[in-house]
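Subject: Structure for your review

Dear colleague,

Please find the structure that I am handing over to you. I would be grateful if you could read the notes below with the sequence and the model open.

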Amino acid sequence: MKPQVEIYDTTLRDGSQGEGINFSVADKLRIAEKLDAFGVHYIEGGWPGSNPKDIEFYAQARRRKFKNARLAAFGSTRKKGVPVESDDQVRLLLEAETPVVTIFGKTSMLHVKEVLRCTPDENLAMIGDTVRFLKDHDKFVIYDAEHCFDGYKLNPEYALATWQAAEKAGADFIVLCDTNGGCLPDEIAAITKVALGKLNCKVGIHTHDDIGLGVANALASLAAGAVHVQGTINGYGERTGNCNLTSVIPCIAFKLKKSCVPAKSLPKLKELSQFVDEIANMRHSPRQPWVGSSAFAHKGGAHVNAVQKLTTSYEHIDPALVGNRRTVLISDLAGRSNIVIKAQELGFPITNDTPELKAILNRVKELENQGYEYEAAEGSLALLIGKTLRHRKVPFTVETYHVSMRRDSRESVCEATVHIRVGKIVHHEVAEGDGPVNALDGALRAALARSFPKLKKVTLTDYKVRILDSGTGTAAKTRVLIQSSDGQHEWGTVGVNENIIEASLQALADSMEYALLKK
Ligand SMILES: [Zn+2]
């Protein structure tokens with residue numbers, strides 16, 4: 001069934017322009033796969049004309065199968081004075097080989113005159129030429145009308161002419177953009193209505209959060225008749241960020257009561273939010289609406305008492321609907337259903353009635369208290385569930401290890417030694433590396449490969465370190481998140497310890513064990 005509102009994710013493009021956000025190609029692919037599984041309709045992977053990393057992303061994404069989402073490449077209208085077929089930036093959009101291409105163009109006369117410095121007619125030609133060229137190459141074309149609302153307020157006739165230029169050339173969607181993020185909801189609603197009255201093609205909305213209204217403005221436009229919303233997970237983006245999809249999606253589903261992502265995905269919203277934070281190496285904001293850990297936290301006194309009597313007394317919605325939970329625990333049902341969903345995804349035949357569920361849940365809670373996070377470490381979670389459920393024997397144990405570093409005037413070298421026990425055999429290996437973790441990884445893999453040759457294919461694709469807040473008087477802990485790949489699949493594992501090497505070893509050992517566990 002067609003959704004009433006389409007979700008267009010631009011975390012990997014607009015979101016990556018946020019301060020402190022830097023995605024590798026491997027990060028982008030993992031996020032794209034997660035978004036696809038969640039059920040967004042479009043994933044904008046990047047701007048191939050702006051950097052080589054985005055070209056590489058499309059080259060790799062092309063080889064993957066996306067079940068729900070269509071991949072979009074982002075770019076701009078052709079340059080002034082250049083025929084569209086000779087414009088390199090437009091050519092790169094075609095070479096990305098995505099089904100969807102999104103281009104932005106100028107709506108505002110101010111920008112045409114002062115920034116672009118071309119005639120109003122040349123701007124209209126740039127829009128029309130580029131849309132037509134992409135349509136001629138069988139692309140689904142989304143036209144992002146930049147500075148749409150500010151441009152309309154300045155010169156309504158010209159703004160309208162730019163949208164109509166895109167529509168006449170065959171654009172499938174005109175998306176109205178509050179690029180500077182300074183408009184109010186009533187202005188957004190009124191101008192959306194004007195656009196809908198003048199255009200025959202479908203209309204979408206793209207907002208920024210500069211005055212804290214990114215989500216409100218998107219909802220105002222949707223309520224006025226737009227049917228497509230662009231935003232980012234956790235509201236990442238330039239300045240104060242974009243329209244936050246982790247807020248706007250549940251607002252559409254539960255407040256506007258319109259269909260968007262599949263209903264079965266909504267309880268995975270919190271997990272998606274935390275997953276993207278983990279990959280971006282951002283601290284999860286406890287105060288995030290809907291998905292933050294404090295979003296349904298009740299602190300003492302009358303509220304708790306009232307919530308225990310009647311949960312709706314101080315909650316606008318059941319937190320489990322978006323995968324969140326009440327911090328004052330009345331029952332562990334919410335936490336329980338999260339684990340059941342995750343375990344089923346990982347291939348375990350678990351239901352709410354599985355007797356071991358309680359033990360698994362307790363173990364996860366215990367480890368989360370120690371600083372473990374499983375949202376992006378499904379490998380470690382699968383091992384934990386597997387051990388409790390099947391009372392599985394561990395395939396190997398790390399008996400001893402030693403890591404050292406020496407430095408002379410020319411270079412520094414790290415060396416790692418490991419003793420691994422596999423049944424009755426002990427393998428001993430030494431390896432050198434650029435750093436202690438690299439050396440340890442080399443020694444561990446070489447030792448294990450003697451008993452398990454398939455581990456030769458496994459490579460470490462990413463390594464992230466987070467220093468966790470130290471509790472009162474204790475040493476700060478380090479959380480290490482590792483991403484591994486066997487060439488076909490990627491998975492994450494996690495380790496936590498006061499010592500970064502020990503935390504890394506845990507994550508590395510989990511990664512190898514998970515590689516052996518999965519088929
Ligand atoms: Zn934007």
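The notes below cover a sheet, the nonpolar cores and a pair of helices.

This is a predicted model, in which local features need pLDDT of at least 70 and side-chain atom pairs count only at pLDDT 80 or more, whereas totals for chains, interfaces and linings use all residues. Residues are numbered from 1 along each chain as its sequence is written, and side-chain values use heavy atoms, with hydrogens and water left out.

The sheet. Three strands form an open sheet in the order S12-S13-S14, with antiparallel pairing. Helices (H or I, at least four residues) and strands (E, at least two) are DSSP runs, numbered from the N terminus; two strands pair if DSSP finds at least two bridges between them. Strands S12 (459–467) and S14 (490–497) are at the edges with a single partner strand each, so one side of each has no neighbour in the sheet. On average, neighbouring strands of this sheet are turned by 20° against each other, direction ignored. Strand S13 (residues 478–485) is joined to S14 by eight bridges, and glutamine 483 has glycine 492 in S14 as its bridge partner. Helix H17 (residues 500–517) lies across S12, S13 and S14 and runs at about 145° to S14. Such angles run from 0 to 180 degrees between N-to-C directions, with axes fitted to C-alpha atoms, for helices over the stretch in contact (heavy atoms within 4.5 Å).

The cores. A nonpolar core is a set of buried (under 20% relative accessible area, 1.4 Å probe, protein chains only) Ala, Val, Leu, Ile, Met, Phe, Trp, Tyr and Cys residues joined through side-chain atoms within 4.5 Å. The largest has 136 residues, of which Trp163, Val229 and Val248 touch the most other members. H17 supplies the largest share of this core, nine residues. Apart from it lies another core of nine residues, including Tyr8, Tyr42, Phe140 and Cys177.

The helix pair. The axes of helix H1 (residues 25–38) and helix H11 (residues 269–280) come within 11 Å and cross at roughly 175°. H1 and H11 are therefore roughly antiparallel (over 145 degrees). Among the residues making the contact are Ile31 and Phe38 of H1 and Leu272 and Phe275 of H11. Helix H11 also holds lysine 270, which is buried, with a relative accessible area of 12%. Beyond its neighbours within four places in sequence, lysine 270 is in contact with His284, Val291, Gly292, Ser293, Val322, Gly323 and Asn324.

Yours sincerely

Notes. Buried means under 20% relative accessible area, exposed over 50%, partly exposed in between (1.4 Å probe, protein chains only). Angles under 35 degrees count as roughly parallel, over 145 as roughly antiparallel, 65 to 115 as roughly perpendicular and the rest as oblique.
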